[in-house]
Amino acid sequence: MTLVPTADLVAAARAAGTGVFAFNVITIEHAQAIAAAAQRAGRPAILQISQNAARYHGGVSAIAAATADIAHRASADLALHLDHVDDLNLLVQAPAAGFSSVMVDASALPYAENVATTRKAAEWTHDRGLWVEAELGYVGGKPDAPASAHAAGVRTDPAEAARYVAETGVDALAVAVGSSHAMAERTASLDLDLVSAIRDAVPVPLVLHGSSGVPLEQLRAAAARGMVKINVGTALNVAFTDAVRGALPASADPRRYLAAGREAMTGVVAGLLTVLSAAY
């Protein structure tokens with residue numbers, strides 16, 4: 001199959017009143033696990049490669065090519081997304097690398113600088129046919145983030161969100177509503193009323209970062225209230241690492257313990273894909 005544009009998967013989920021999961025790819029095993037799980041569950045998914053993952057591989061081209069090839073050979077509808085980009089040198093590589101969408105992350109900047117940076121990036125990517133996500137508010141868990149996702153002034157303001165979308169022209173908005181990146185346990189508490197308020201204020205789909213730390217029932221509730229793209233990364237890494245640790249004493253052959261990690265991630269992704277409605 002050919003890759004499906006991220007815009008199409010997000011639009012279909014939004015029209016159905018549900019969400020679509022976006023899973024972080026760090027290694028080839030991550031991509032294989034996500035594709036296998038999507039086939040197993042019969043659900044679509046977005047495979048996303050972050051700027052940090054690209055840096056780990058010495059550039060985005062190799063991991064993007066491998067991920068795209070895995071997605072092409074899968075029977076499920078899969079999209080390829082470039083995530084958390086603040087390096088414009090990486091952004092300009094996105095079209096040639098096969099991405100149909102990109103998340104421009106200027107959220108650490110003051111509002112006016114965030115708007116200016118994001119608008120310029122959105123204009124460039126739109127001219128090349130890419131769908132653009134950005135972030136307003138500040139999701140916890142980043143190295144330079146505030147200490148807590150519950151700190152004063154961190155969460156996204158609905159009125160400011162409406163102004164931000166109008167000023168930047170982005171296609172989707174990642175919002176701060178109580179989740180944090182890199183959470184290994186599902187103990188986050190989302191402000192669901194705030195999710196509804198932002199949904200009512202802005203015309204574009206909403207994105208939830210840090211979903212690994214959100215209880216499953218809250219993920220369902222957030223999707224019902226307008227959260228459309230649901231990002232998951234840490235949950236896969238925890239499953240992968242635990243499985244590799246368990247397999248290491250038995251073999252020095254990396255194929256054996258990496259396969260164990262891949263299968264563990266496949267199970268996690270397949271389980272998550274059944275959490276949200278399959279009405280699209």
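Where does aspartate 105 lie? Aspartate 105 is in the loop between strand 4 (101-104) and helix 6 (111-127). The model is predicted: local features need pLDDT of at least 70, side-chain atom pairs count only at pLDDT 80 or more, and totals for chains, interfaces and linings use all residues. Residues are numbered from 1 along each chain as its sequence is written, and side-chain values use heavy atoms, without hydrogens and water.

**View 1. Aspartate 105 in its loop.** Aspartate 105 counts as buried because its relative accessibility is 14% (buried means under 20% relative accessible area, with a 1.4 Å probe and protein chains only). Its side chain makes a polar contact with the side chain of serine 107, at 2.6 Å (a polar contact is a pair of N or O atoms within 3.5 Å; within protein, one must be able to donate a hydrogen and the other to accept it, and residues adjacent in sequence count only if both atoms are side-chain atoms).

**View 2. Serine 50 in strand 2.** Strand 2 covers residues 45-50 (strands are DSSP runs of E, at least two residues, and helices are runs of H or I, at least four, numbered from the N terminus). Serine 50 has 13% relative accessibility, so this residue counts as buried. Serine 50 and methionine 103 are 53 residues apart in sequence, and their C-alpha atoms are 8.9 Å apart in space.

**View 3. The buried residues of helix 4.** Helix 4 spans residues 61-72. Its buried residues include Ile63, Ala66 and Ile70. The buried residues of helix 4 pack against helix 2 (28-41), strand 2 and strand 3 (78-85) (contact means heavy atoms within 4.5 Å).

Notes:
Buried < 20%, exposed > 50% of the residue type's maximum accessible area, 1.4 Å probe, protein only. Expected span 1.5 Å × (residues − 1).
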